[in-house]
Amino acid sequence: MQEQIEKIKQGALTEIGRCQSEKELEKILYKYLGRKDGQLTAILRGVSELPEEQRQTIGSLANKARAEIDQALQKKKAGMANAGAAQTGYFDVTVPGAKPTTGHMHPLTRIRLEVQDIFKSMGFKVYEGNELTDLYYNFLSLNFPDNHPAMDSYDTFFIKEDPKKKIKPEERRMMRAHTSNMQVRIMEQNKPPLKVIVPGRCFRNEATDASHDHTFHQVEGFVVDENISIANLVYTQKALLSKIFGQEVKVRLRPGYFPFVEPGFELDCSCIICGGKGCSVCKRTGWVELIPCGMIHPKVLESAGYPKGKYTGFAFGMGWSRLAMMKYEIDDVRLLLNGDMRFLEQF
Ligand SMILES: [Zn+2]
């Protein structure tokens, strides 16, 4: 199948190269890309019937070939128009030029820059994080007792270590399951007052579906200083969400359990689609669950080596993939990372 696609592509490109008139060019277009009996169109149409393991490779190969042929056709056509003009001594300046294809930012990058700007305007620093981390920073320093079942919901990918090397259990390497793996690392290197966000990729050993993927994006944030309270937490989140969605939103806190915060909350935002009246997105409740957060657990501050009782702080983890999905009305998280140009070109 791959050879066949390559053959069709080469055939088309040679014919385009040799072609002398616009009429011939049109015939080539129909022969290869025609909606009814184009050779490549027939292949693309058959992709959905291929066995699953072939579907993606063949599909993307055929799409690439189509784009290449299409580009060659456009180029040739523009070249012919210019040559024609040169022969007659007439040049139509109103003919639109051939547009070079340009890229643009990925929707995730766009959201990230937007979120960073908002936080920077509130005095936060932006840190990049370690994607490869270890048991200590991902779990133990964040008040997950070793072997505690709370780790189950953060199952991730562990690195195969050389059995000859003696590695302490806490140094076992893994891909981070959340951007919170940077909390203690950053606290160890800096003294309060601290206002930090860490946008980054996270990894989970997860069966994928429309709302779960093995790789996703999260923004971790935390503030540590003397006398930081829940009021600071609520204000920061409300200001952030209102700015992102471009309208005043209401927020509410519900109790939630995360080992590294006490008390822990789920922060809900009033549904921006129905304005709180109830719709399918908010499951008729008028609220959308958005940001797990809470006051940093004293044990986490102790892990960072801060004097006992001197500082308090709040932390939150925002699903940045989810934010992009809400903002751009994307219904499948897997679309964000599969590189399908038909999807990406919509932004
Ligand atoms: Zn709603």
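Helix 5 covers residues 107-121, which makes 15 residues, where a helix is a DSSP run of H or I with at least four residues, numbered from the N terminus. From first C-alpha to last, helix 5 reaches 21 Å, close to the 21 Å expected at 1.5 Å a residue (the expected span is 1.5 Å times one less than the number of residues). The model is predicted: local features need pLDDT of at least 70, side-chain atom pairs count only at pLDDT 80 or more, and totals for chains, interfaces and linings use all residues. Residues are numbered from 1 along each chain as its sequence is written.

- P107, I111, R112, V115 and F119 are buried (20 or more other C-beta atoms, placed from the backbone, within 10 Å of the residue's own; exposed means 12 or fewer, and partly exposed lies in between).

**Meeting helix 8**
- The axes of helix 5 and helix 8 come within 10 Å and cross at roughly 135° (axes are lines fitted to C-alpha atoms, for helices over the stretch in contact, with angles from 0 to 180 degrees between N-to-C directions).
- The contact is made by E114, V115 and I118 of helix 5 with L240, K243 and I244 of helix 8 (contact means C-beta atoms, placed from the backbone, within 7 Å).

**Just after the helix**
- G123 takes a positive phi of about 90°.

Conventions:
Helix = DSSP H or I, 4+ residues; strand = E, 2+ residues; numbered from the N terminus. Contact = placed C-beta atoms within 7 Å.
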